[in-house]
Amino acid sequence: MLTNLKPQPADKILALMGLYKEDPRDTKIDLGVGVYKDASGHTPIMRAVKAAEKKLWEVEDSKSYTGLAGDPAYGTAMRDLVLADSVSADRVAAVATPGGTGAIRQAFELARMANPDVRVWVSNPTWPNHVSILNFMGLPVLEYAYFDAVNCVVDFDAMIASLQGVKAGDLVLLHGCCHNPTGANLTLEQFGQVADLLLEKGATALVDIAYQGFGDGLDDDAAATRLLASKLPEMLVAASCSKNFGIYRERAGVLMAISEKAETTPLAQGSMNYLNRQNFSFPPDHGPRLVTMILTDPALKADWMAELEEVRLGMLGLREQLAKELRERTNSDRFDFIARHRGMFSRIGASPEEVLEMREKFGIYMVGDSRMNIAGLNSVTVPILAQAIATTCK
Ligand code: LMR
């Protein structure tokens, strides 16, 4: 049987991690996978997470199963963090999932369960794993225009024009904040226009929010998701705690389904529990439990928010420094968009050949589409990167 297997394509982002590890140069710079790193290149455990782990070790007295949706308190805490009071609580069903990717996968499964003919719209470009999972599941994928690759901004007119093709019953995937891979985001007003369009078409939005707190702050980054939730009768939300709690390997995500009427919430909840049972049974508990402890303990929450804010401001500072260094080196405002982009990533508009040249000549590792992880930089490496971009990019 196993000899019948065919080799599968390697994930480009994960393959880049391997290439970086193998590079013997100590001057190499890792701007690949979306993992936060401090100025010394280390991915720290956040203070509140460490404190919650210590407390958990002291008080947890059983490792028995929780429930198919995970601990309900986690769903409630995440609903409050992401949606606040934009919808009434009784319209929201939630399940814990293995990371944000697990939430995305379960969202696609749920959409297909509700509509076997569902078509899924994704931005061009989007996180490559969105498309990979959809292809794997055999769901039809449609792309809507999103990025003006010349000016590295959102091409909103083109986006709205392509979304005219949306039909009732389609699922439209939107990045709630900090668009991955581009770093270019819609304004709140534009999100409102997208909501109106989806309402008119009878389509369902799936919001992927994996970087809340990395862009303009916890509430500002959730504003679009909350606006959509307040305008649309139904919606799916896939949220990740990997980045904003720094608990990547613990796999803490949540899928929320907002029903038009509270009476439908048990049906959505039951379907999501069922899907968890079919795919992996009980979701991981350790990461979600830490998140719940932090979000429900005022002191831990305040410390987490303070540290997250330091992380966010650090990345903004690096963006500003890089844009400034590039202005000086190129004598132009061509790369000013880097300071306007938000989140962990910016797609800088270099060709695949230029990306490769920067890897070979300077040991700079960015994804082939020229997505770079801002958090892979520090104040010493920013000028090195600026010099590499200025001399390589035509
Ligand atoms: C990324 O885009 O780099 C992250 O979301 C990590 C991943 O799983 O790809």
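Domain bounds are taken from an automatic or database domain assignment.

**Figure 1. The whole protein chain, shown as a predicted model.** Residue numbers start from 1 along each chain, following its sequence as written. In this predicted model, local features need pLDDT of at least 70 and side-chain atom pairs count only at pLDDT 80 or more, whereas totals for chains, interfaces and linings use all residues. The protein chain holds 14 helices and 13 strands; these are DSSP runs numbered from the N terminus, with helices (H or I) of at least four residues and strands (E) of at least two. Along its principal axes, the C-alpha trace spans about 60 × 55 × 50 Å. A compact globule of 394 residues would have a radius of gyration near 21 Å, and the 21 Å of the protein chain therefore agrees. That radius is taken over C-alpha atoms, and the globule rule is 2.2 Å times the number of residues to the power 0.38. Of the 394 residues, 46% count as buried, that is, 20 or more other C-beta atoms, placed from the backbone, lie within 10 Å of the residue's own.

**Figure 2. The two domains of the protein chain.** Domain 1 comprises 11-45 + 305-392, and domain 2 comprises 65-296. Their C-alpha centres are 27 Å apart.

**Figure 3. The contact between domain 1 and domain 2.** Here 26 residues of domain 1 are in contact with 26 residues of domain 2, a contact being a pair of residues whose C-beta atoms, placed from the backbone, lie within 7 Å. On the side of domain 1 that touches domain 2, helix H1 (12-22), helix H11 (298-330) and strand E11 (345-347) each supply at least two residues. H11 gives the most to this side, with four residues. By class, the side consists of 13 nonpolar, six polar and seven charged residues. Ala, Val, Leu, Ile, Met, Phe, Trp, Tyr, Cys and Pro count as nonpolar, Asp, Glu, Lys and Arg as charged, and the others, Gly among them, as polar.

**Figure 4. The shell around the ligand.** Ile-13, Val-33, Gly-34, Trp-127, Asn-129 and Asn-180 are the residues around the ligand; a residue is included if its C-beta atom, placed from the backbone, lies within 6 Å of the molecule. Three of these residues are nonpolar and three polar, with no charged residues. The ligand lies between domain 1 and domain 2, because both give residues to the shell.

Notes: Two residues are in contact if their C-beta atoms, placed from the backbone, lie within 7 Å. A residue is buried if 20 or more other C-beta atoms lie within 10 Å of its own, exposed if 12 or fewer, and partly exposed in between; C-beta atoms are placed from the backbone.
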